[in-house]
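The structure comes first, then the notes.

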Amino acid sequence: MAPQYNHIVLPTLGQCPSASARQVFLALKPQTSPARALYIHIPFCSHKCDYCDFYSLVDTRDRQNVFTDRLIRELRALGSFAPEPLNSIFIGGGTPSLLDASLWERLLGELNDSFDLSRIQTGQGEFTVECNPESTTPEFLGILKAGSVDRVSFGAQSFEPEHLKTLQRLHDPDRVELVIIMAQDAGIVRQSLDLIYAIPGQTLRQWQRDLQRAVAIGVEHISCYNLTYEPATAMTARLNQGEFTPADEDLEIQSFELAGKVLGEAGLMRYEISNFAQKGCESLHNLAYWRSESWLAAGPAAAAHVGGHRYRNTPHLGQYLDFDDQGFAPIMDHEQPDTRRALAERLMMGLRLVEGVDSDPIYRAGEQINEHLCDQLRECVLKQIEAGLMAMQDGRWQLTDAGLLLTDGIVAELMDVVYQA
Amino acid sequence: MTTDIKHIRNFSIIAHIDHGKSTLADRLLQATQAVTAREARNQLLDSMDLERERGITIKASAVTVHHTHNGQEYMLNFIDTPGHVDFTYEVSRALKACEGAILVVDAAQGVQAQTVVNAYLAIEQDLDIISVLNKIDLPGARPDDIAMEIEQALGMAAEDCILVSAKTGQGIDELLETIIEKLPQPPAPTTNKTRALIFDAIYDDYRGVIVYFRMFDGTLKTGDKIRMMGLGRNFSITELGKYTPKPEKVKSVGPGETGYLVAAIKTLGDVRVGDTITLENSPADQPLSGYEPPQQMVFCDFYPSTNSEKKNNDFEELRDAINRLSLNDSSFTFQPVHSEALGFGFRCGFLGLLHMDIIQERLEREGDVEIVQTAPTVSYKVQVRSKKGLIKELEIHNPADLPDAGTIVSIAEPMCRVNIISPSEFVGEVMKLCLERRGIYKHQTLVSATRQMMTFEIPLAEIIYDFYDKLKGLTSGYGTMDYEITQYHNDNLVKVQVLINAEPVEALSLICHKDRAEFRGRQLLTKLKKQIPRHQFEIPLQAAIGGKIIGRETIKGFRKNVTAKCYGGDVSRKRKLLEAQKKGKKRMKSVGSVQIPQEAFMAVLDQSE
Ligand SMILES: Nc1nc2c(ncn2[C@@H]2O[C@H](COP(=O)(O)OP(=O)(O)O)[C@@H](O)[C@H]2O)c(=O)[nH]1
Ligand code: SF4
């Protein structure tokens, strides 16, 4: 049976990939420093969650083998462009835990062969696999551990069955504690939980209980996401049909603030808009994104950032399997290096972090673009500082608590300054 | 060969919309074998797509057919009229070319407001009227009752009504007979000079202007050098013809007949409907009595929509489209304007609301431009006192143009006589609506046992919005109305200003009656509150009359605007979204630090709740 595509907008012919990632790598300048992070996308799920806009297919198991073969060829190709030890690997999806155990062994073996995992293996790096509480087993965790994985991230979302049902998540909430213990037993001590708030019908009280329960489990890292109605998802369609009333803005703000309070009191500090961690336990891999560092990408729909280029592997499993340019995948949405764009992105991503962005490299980039840009940026920042939305500390620009809630508007203004200069 | 005037009949068909005027016209053409049944279905008299779509005729034209009665061939010229309130003036100019009119009334619906207005137009012109009850094939037809309505409302004997079904053809022969026997022949020429009345003109891309005329005295021949008496311009006829309904060239058109002529006339501006055509080398002493040119009473601005991807030439494209359309329709006016909010555009004047809609649609469709249309206003006559104490009158089509309140002596607005026909049970509601709209009750008559006709005087400004929709709603769809603009009338009118974040925004001001100002001001603020997006800060909205605040609203500041998830795969998409957000703002008009979308400027004067 052909795989079933749910809620996914298939690329039309006009969007057929015309380039492969190999062309990007061949175009890299010799002085480009190599990427130290790697993202791998496993595009299978057991069913499609209503709010999800990730690229994934409902798994029918008939393509797992060919997919793994193809992924291994891609990893081998990418490996030759990663001479330095990797800082981080993140395997996400989809539902990576759905991949068959033997295939996982092959995949992990390949990573060991093609990349230098020494930093990861000596505890200076980070190797995360996203797991679904439903499909995680001790055997699976054992295989991960043996393959140098040192961090797991579980999508708990909510501990209230009623809200899980709204999200169409199928797991039993009580299983979350169980899989955390399993991971501990397997020797994977770095653990993260994902939670979602502002689910239709969710009260502040219920959200507080979710947070307390997550704290009680004792993980080092928690992500709390305000439920987002992504275009072209079933959740958004249901919203538009009036099936439920979305949470109001005041409740969203209260929930945002409550997360900071409850988790902060438990020693998990907000370090990004939606991420909290014990000191030193921030996600290294995600920091690479927010700090606009380079990373490699493998698997369908995975996005990469190398030497200032951005692109996405084809978001179509069939195409990914069929096209193979010496291991490299067909790509789309390729954007050439561009100082202006890079600066805009640095602001957009960096200001999400509580640490903010270092103004030095920004000024340096600004000077290259236009002599007035730095002054204009400074002026714009000062205006935000006056409004209590930003702060300047040790040469870093940061958003205040009030500013974090308004990130998009503030960033849009700064970006506009960059583009207009 | 010209036909003896004894054997010519000139007439129009007049009716309330949908009572079957077009169908009956087709039926008559078919009965006289002018067209086949299949052609008839295409309703030849309506030539424009748009007319077909909206089911109304907006350009009069004339068709000539022949019919044999008692062994004698007759020439029947029927002159089409538009069937809507906005085009009353077109109806009267078509009627000028006739001796008779066929008044069509739906035998199920009965007499409606437009029936009355059109019948009075024909009576004013001294035409002989044949009343026809159409659709008698319908199960709901009540010919006897409706004939009584005609007698009561219009004073025409019930027993003279002819019963027809334009659909089945029943009664058509009798109607043709009546046309020939009852309608008068054209009057005999009163002078030996040539005189023809221009009753319509259209623009044709290939031949230039085509002039429709009715001969009163003398004959026109191909090659004749003619003079338009009013405009004093001379032309040479290159083609004469008649629509049968296919255009057919003829060599001459004699007294009492109708026809068209082509004479290398480049624009509609060179022809004035109502003008008299005479011969250049033997001109008549007196022109025929023409009629008043139409008055533009409803005004609004058209701006090129900046939403379209195209950049700088939007205004040029709009200008071209308007120029081109004006070749076809000389009844709307336009002049360039500049608005702070919407840039360069045109202020256009229309005969009425439907006319405005039609022009907008034609511009968009035929000119391929996207238009932003501002809310319509009427034309005010404002008396102002100058510094020297002199009083002069200004015509104002836009509240923003209103001079300083201190200098205004008076403001007058156009009034309409509005006829409304409604089932008796809704009379109270209708009365209430009219009075709410500053209407002055004139009189009321019984049209039938169950329906009443009411006449009011209502300011045009009060009916240009949703009056008709309201009326339809109140009367479960049974109420009909028609209006005629009568005169200007002074009233206690004031200008309501809107302040956004304490700054006055002229493009949002409106003129209304003092008693309604507070309500209208507040209503506008409520609309603006919905239209203006939230900002990072709180925005006060205020309505004021000459410095006195009469209403306020607040748009709360954004408290939250942040993407929850933003990782490596989201960078490009997210960046584009933020860029688009900024671009969207570029389309807005900044007032201080507030961004106002174009649509908000349309909220003015929109009185709907
Ligand atoms: N049953 C019936 N329907 C008719 C008759 N005459 C016209 N109609 C229908 O009434 C509607 C309006 O007719 P139309 O000629 O377009 O009306 P106009 O707006 O006055 O030109 C159309 O749907 C016609 O088919 C008739 O004699 N009998
Ligand atoms: S949320 Fe996760 S498990 Fe659900 S469909 Fe999306 S990728 Fe699959």
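By class, the shell around ligand 1 holds 3 nonpolar, 8 polar and 5 charged residues; Ala, Val, Leu, Ile, Met, Phe, Trp, Tyr, Cys and Pro count as nonpolar, Asp, Glu, Lys and Arg as charged, and the others, Gly among them, as polar. This is a predicted model, in which local features need pLDDT of at least 70 and side-chain atom pairs count only at pLDDT 80 or more, while totals for chains, interfaces and linings use all residues. Residues are numbered from 1 along each chain as its sequence is written, chains are lettered from A and ligands numbered from 1 in the order in which they are written, and side-chain values use heavy atoms, with hydrogens and water left out.

**Ligand 1**
- Ligand 1 is surrounded by 16 residues (a heavy atom within 4 Å), and the closest are D18(B), K21(B), S22(B), T23(B) and D137(B).
- Helix α1 (residues 21-31) of chain B gives the most to this shell, with 3 residues; helices are DSSP runs of H or I, at least four residues.
- A polar side-chain atom of S22(B) is 2.4 Å from an oxygen atom of ligand 1.
- For T23(B), a side-chain N or O atom lies 2.5 Å from an oxygen atom of the ligand.
- A polar backbone atom of H19(B) is 3.4 Å from an oxygen atom of ligand 1.
- Of the 580 Å² of accessible area that ligand 1 has on its own, the protein covers 75% (Shrake-Rupley method, 1.4 Å probe).

**Helix α9 of chain B**
- Helix α9(B) (residues 353-366) has 14 residues and reaches 20 Å from its first C-alpha to its last, close to the 20 Å expected at 1.5 Å a residue (1.5 Å times one less than the number of residues).
- Its buried residues include L353(B), H355(B) and R362(B) (under 20% relative accessible area, 1.4 Å probe, protein chains only).
- Just after α9(B), D368(B) has a positive phi of about 55 degrees.

Conventions. Helix = DSSP H or I, 4+ residues; strand = E, 2+ residues; numbered from the N terminus. Buried < 20%, exposed > 50% of the residue type's maximum accessible area, 1.4 Å probe, protein only. Polar contact = N/O pair within 3.5 Å; in protein donor to acceptor, adjacent residues only side chain to side chain.
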